[in-house]
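Colleague: Could you walk me through this one before I start on it myself?
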Amino acid sequence: MATLSSTVSVKVPQTRQGGGGSTPPTFGGGGGDGRGGNGSPDYGERLRRARLGLAVGLTPVIMLFVSFTSAYIVRQGLPTLDLRTNTYVHDWLPVNLPWVLLLINTVILVVSSVTMELARRQITRQAALAPVTSIPGVSLGEEKKFPWLGITVVLGLGFLTGQWMAWRELAARGFYVATSASSSFVYLLTAMHAIHLAGGILALLYSAVTSLLRKPVEARRIVVDITAWYWHFMALLWIYIFALLEIAR
Amino acid sequence: MASTEIVHAHAAPQGFIRKYIFSLDHKIIGLQYYFLALIAVFLGMGLSLLMRIHLIWPTASLPIFGDIKPETYLMFVTMHGTIMVFFVLTTAPQGGFGNYFLPIQIGAPDMAFPTLNMLSFWTTFVAFVVLIAAFFVGAPLHGWTGYAPLSAVPSSGPGEGLGADLWITSIALFCAASLMGALNFITTTLDMRAKGMSMMRMPLTCWAWFITAILGLLAFGVLAAGGILLLMDRNLGTSFFVPGGLNFTGQTSFPPGGFSPSTDLVKHNGGSPLLWQHLFWFFGHPEVYIAIVPGMGVASQLLSTFSRKPIFGYRAMVYAMLAIGILGFVVWGHHMFMSGMSPYSAFAFSIMTMAIGVPSAIKTFNWIGTIYKGRVRFHTPMLFAIGFVSLFVSGGLSGPFLAQPVIDIPLHDTAYVPGHFHLIMGVAAIFGIFAATYYWFPKMFGHMMNETLGRWHFFITLVGTYSIFMPMHYLGMAGQPRRYSQLTEVAYLHPLIPLNRFITYAAIVTIAGQFIFLFNLFWSMAKGKKAADNPWEATTLEWTTATPPPHDNFGGRTPVVNHGPYEYSVPGAPRDYIMQNDPATAPVH
Amino acid sequence: MGLALLAIIWLITFFSTYFFVAKTWWLPVGASAAAPWIDHQFALTYVLMGIVFVAAQGSLGLFVWQYRDRGSASQVHYSHGNTTLEVLWTVLTGVLFIGLNLMGSSVWASERFEPAGPGAVQVEASGLQFAWYFRYPGADGKYGRTKPELMDASAGGEAAVGLDTGDAASKDDVVSGTMYLPVNREVDLALRAQDVIHSLFIPAMRFKQDAVPGLIIHMHFKPVQTGDYEIACAELCGLGHYKMHGMLKVVSQEEFDKWLASKEAEKQ
């Protein structure tokens, strides 16, 4: 069984099998576990690693929407066998999209991206100044902490509500999920985006919670930073989906 | 003089739950994946045994199962494939050994995101439970490939109702789990290598796990997309894959009570069954490379270690794996030559498929070149590595037949195809898992596995699996189709029954032989000879640390790497191996 | 142990190769115009791959014995590889594999890039769970309309394909559970499927093509030998996949005409 002993000690290198006369192996300083030489966590390294993880993690999300896009384009051009005439016909029915409503939603999402970015920069400044403010007696004045994060959550929820209203409007116009291939794709793409955005909102709520739990601001900064980039990606993804559905009807 | 340093290591968890159930330690998580795969492989083997028995004795009433109906046989076929491909071949080599040894081999104290790592294992576990649940409600009969409309219309056959929904859900969960794992592997490899461990000094096992993770990262999202569309077709009445005007009255016995054409089928319109195939195989082809590439890494590692010689052509091996990975994404159409796909596309895919044979051949030449003028030690891990090369050659060379569309005409969907892919996935990749087990068992458990039992296991399995799968090529050429639950109805299959019987007997013996391994595995954990820290006299970093490795892998220090991974028999060196973190006195590579 | 490995690997190689060379179980005798070309490409591939197979397994077996650890007698040749050799065998393998493929591509092109010639026999093959039905368009050369709601496999024949007898073109359509073809004439086969994907596989004709619901797929071949040839389904289609077989009877032109006429007469 693997032992899981805690080790906080100086150890001399062990001699190895078949050794004999050779100089002992080299072991070096810190690295790999996000800890600096003085034992305190290396937040710079952790942030870099988290951003790398996000970039890697967004790749499958991109692949998911690339798959949906290719299915969409292929289906649009695919002729269907009309059994009555035994000939192939094109049966793609463009959807009557409530584009005004969707445009408003887009504006809400883009604004939320701005507020998200402001929240990200706000906490970056806080994290940068954290060592200074910890010096006893030093004060930078009461920095008014504008609730950019909270506003972003509200705007995000507003976007989701707007998408829900768009679906109601689509249904009112006679386009349900199985009405036609085109309507199926509209619901699919918007729903999948909404699910991913909801995940982002959960991440925002999590970062709000961590502030209440009084985790170190540098750690909170990493959560907000990653969520912010994810949020911007979601906004760009929405713009792409909207453009696809409008332009490639 | 070695530098030593006080570094506050990760505090080890206390309590049984935190240590063994919800552990964040990549080593424990690796073991969890491994034992999940072990359960899965015996379940999958059991299913294949039932299939082989039914083929030869179709009217026999088996204990527990009773009469095996055709749909039950097909359920076995589907679940065998799904369990083996996902929960064995995508789990043990990558989630099992990759998780355990990637961080150690690159000199890191853990994976980049330990919590995500734990989540990825438990999601895999839940996926497995959901899949097994399908057995209890009637598992689907549409094969691991799940072609629509058979998989998209619940009335197409028994098990295609709730069973198919559970099957899709299990796979969707597995996609999520794999993606989480891939994220960890890639970030760890890029960001957590110890000082001196450049990419070109990484052991080939690390390169293999890294490339496999990239393949998974790009492929599993597409499978998830296909699964979502399939669930929508099945449950929401959409028509991504289901065309209009389908009629199921031909199958008069199912659904019970008969089928009425006036019901929901006519709601579908305009879907394309080929779209499912494209989405599935865009994932499915990289998936088979995900299954074999880690085994290639292990083979390289072991052939070098046990020949006491550097791997022949390290750079070529890296480039070959990269080429296989990249080309693996542009060959998926070779599964669809007979599908109704454009013959021009077929031509393009076939050229790319022949091209992917080239890096595979290079790797084979290099493995043989590693043994050449080496000094071979026949420990059990090496036996399985040698077996891997032989099986890879055999399975690989039947590929160029299938890759040519004209030759695929007589061979597609015949027994030739399972012959081909079992030799590679069902045997060579499994040999990679066995080799890795025998090799790393001492480091994981502190004991040696029994050599005698290992040799018996090796010879029975090598001869046995060749006896099972080589004859399938002959059966395929003679025209025996795949996925037939009985060979009694089509007259030209009757003369092929004796050879099928031979395969069944070989399967019984081979499966029995695997219990030698199972016994050896568990017995050695308790009673095996105590293992030294480096029993194989190997060079990579896992052999520099204690057995089993401490919680943070290196006991509070991180290694500094001065040498490549395969410095064996270096002229002028005091011993026939130089460990990667030995001081830089010898010529540096 | 090295010797045991050599023996096992060489024996496996020998037995595998033997059964390929002896053709103990082999492709059935070809009976179509394309068969000799396909078989030729097949033979070429298997000779070339066979040589590589024997060479690779042979050298693997040889080296594990020849370079076994013999204690102080063993001398390891420390080397990281040989770039010249790598380039050489990469190029050779590439030429071999791609060349082989290109050689077979002309057969593929003639089989698949071109539609059937004029004057080909028209047959429509419908796959359904779990039988094949073959329809001949009759003297008017046109297939009558079919309707999914008219399909009733239990009634067999015309009902199985859902023939709409109201359509004028249906009057001379002949539906049969057995496919009859005249020898030495190209056939233009239109493949359809009613429910799930099936695949029409006639080994002796070297013919296989999936029948996909929602598509009418045209494929052609030319039988050159009379006889009875069994048809198997080669795409998993449900619980009855194993028993979904049919029969192709290749007969002389006169016999074919007689058969067709008798089926037309049955309809009256």
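Modeller: With that, residues 24 or more positions apart account for 70% of the contacts in chain C with a separation of 6 or more. This is a predicted model, in which local features need pLDDT of at least 70 and side-chain atom pairs count only at pLDDT 80 or more, while totals for chains, interfaces and linings use all residues. Residues are numbered from 1 along each chain as its sequence is written, and chains are lettered from A and ligands numbered from 1 in the order in which they are written.

Colleague: What helices and strands does chain C have?

Modeller: Chain C has five helices and ten strands, where helices (H or I, at least four residues) and strands (E, at least two) are DSSP runs numbered from the N terminus.

Colleague: And why is chain C described as more spread out than a compact globule?

Modeller: Because its radius of gyration is 26 Å, well over the 18 Å that the globule rule gives for 268 residues; the radius is taken over C-alpha atoms, and the rule is 2.2 Å times the number of residues to the power 0.38. Along the principal axes, the C-alpha atoms of chain C fill a box of roughly 95 × 40 × 30 Å.

Colleague: How many residues of chain C are in contact with chain B?

Modeller: On the chain C side there are 91 residues, in contact with 98 residues of chain B. Helix 3 of chain C gives the most to that side, with 16 residues. By class, the chain C side has 49 nonpolar, 28 polar and 14 charged residues, counting Ala, Val, Leu, Ile, Met, Phe, Trp, Tyr, Cys and Pro as nonpolar, Asp, Glu, Lys and Arg as charged, and the others, Gly among them, as polar.

Colleague: How many residues does the contact between chain C and chain A take?

Modeller: That contact takes six residues from chain C and four residues from chain A.

Colleague: Switching to chain B, at what angle do helix 8 and helix 9 pack?

Modeller: Helix 8 (residues 273-307) and helix 9 (residues 314-327) of chain B pack at about 175°, with their axes 11 Å apart; axes are lines fitted to C-alpha atoms, for helices over the stretch in contact, and angles run from 0 to 180 degrees between N-to-C directions. That makes helix 8 of chain B roughly antiparallel to helix 9 of chain B, a label for angles over 145 degrees. The residues of this contact divide into six nonpolar, two polar and no charged.

Key: Angles under 35 degrees count as roughly parallel, over 145 as roughly antiparallel, 65 to 115 as roughly perpendicular and the rest as oblique. Two residues are in contact if their C-beta atoms, placed from the backbone, lie within 7 Å.
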